[in-house]
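Please walk me through this structure. I am new to it, and I would like to know what holds its parts together.

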Amino acid sequence: ALIGSDDRFHTRGQASTAYAESWAFCYFLIRTEPKAFAKYLKILQQKRPLNDDTPEQRVADFRAAFGKLPQEMNRDFLRHIARIK
């Protein structure tokens with residue numbers, strides 16, 4: 001949901017949770033897939049500012065960088081975050 005849409009960041013009562021989840025996911029990606037994360041940032045950097053891609057395009061960009069869908073990383077993400085003290 002965080003990759004495909006910014007809706008939770010604009011929804012009252014969900015913005016702070018969405019921010020925390022996105023920070024944790026970025027931390028996970030940086031620590032576990034730094035080269036793919038850099039590739040993902042380059043993909044995003046090439047877009048026009050404030051461009052509203054479709055959810056499908058956003059997920060496709062993620063998959064182009066990481067070679068898998070965000071939900072395919074969920075189990076590893078949760079394990080990684082659970083180990084942080």
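This is a predicted model: local features need pLDDT of at least 70, side-chain atom pairs count only at pLDDT 80 or more; totals for chains, interfaces and linings use all residues.

Residues are numbered from 1 along each chain as its sequence is written, and side-chain values use heavy atoms, with hydrogens and water left out.

Start with the charged side chains. A salt bridge here is a side-chain nitrogen of Lys or Arg within 4 Å of a carboxyl oxygen of Asp or Glu. The count comes to 5 salt bridges. One of them joins Asp 6 and Arg 58, at 2.9 Å from N to O. Asp 6 lies in the segment before helix 1 (15-32) and Arg 58 in helix 3 (residues 55-66), so this pair ties together parts that are 52 residues apart in sequence. Helices are DSSP runs of H or I with at least four residues, numbered from the N terminus. Asp 6 is partly exposed, at 34% relative accessibility. The scale is this: buried means under 20% relative accessible area, exposed means over 50%, and partly exposed is in between, with a 1.4 Å probe and protein chains only.

Arg 8 also forms a salt bridge, with Glu 21, at 2.8 Å from N to O. Arg 8 sits in the segment before helix 1 and Glu 21 in helix 1, so the pair ties together parts that are 13 residues apart in sequence. Arg 8 is partly exposed, with a relative accessible area of 22%. Glu 21 is partly exposed too, at 33%.

Next, look at Asp 61 and Lys 47. Their side chains meet in a salt bridge of 2.8 Å, N to O. Asp 61 belongs to helix 3 and Lys 47 to the loop between helix 2 (34-45) and helix 3, so the pair ties together parts that are 14 residues apart in sequence. Asp 61 is buried, at 8% relative accessible area, whereas Lys 47 is partly exposed, at 25%. A network of salt bridges links Lys 47, Asp 53 and Asp 61.

Now turn to the rings. Rings of Phe, Tyr and Trp (its six-membered ring) pair if their centres lie within 6.5 Å; planes under 30 degrees apart count as stacked, over 60 as edge-to-face and the rest as tilted. There are 8 aromatic pairs by this rule. Trp 23 and Tyr 27 make a stacked pair, 5.4 Å centre to centre with 10 degrees between the planes. They are 4 residues apart in helix 1, so about one helical turn separates them. Tyr 27 is partly exposed, at 27% relative accessible area.

Phe 25 and Phe 77 form an edge-to-face pair: 5.3 Å centre to centre, 90 degrees between the planes. Phe 25 lies in helix 1 and Phe 77 in helix 4 (residues 74-82), so the pair ties together parts that are 52 residues apart in sequence. Both Phe 25 and Phe 77 are buried. Ring pairs also link a cluster of Phe 25, Phe 28, Tyr 40, Phe 62, Phe 66 and Phe 77.

What is in the largest nonpolar core? A nonpolar core is a set of buried Ala, Val, Leu, Ile, Met, Phe, Trp, Tyr and Cys residues joined through side-chain atoms within 4.5 Å. The largest has 14 residues, and those with the most contacts inside it include Phe 25, Leu 29 and Met 73. Helix 1, helix 2 and helix 3 each supply at least two residues of this core.
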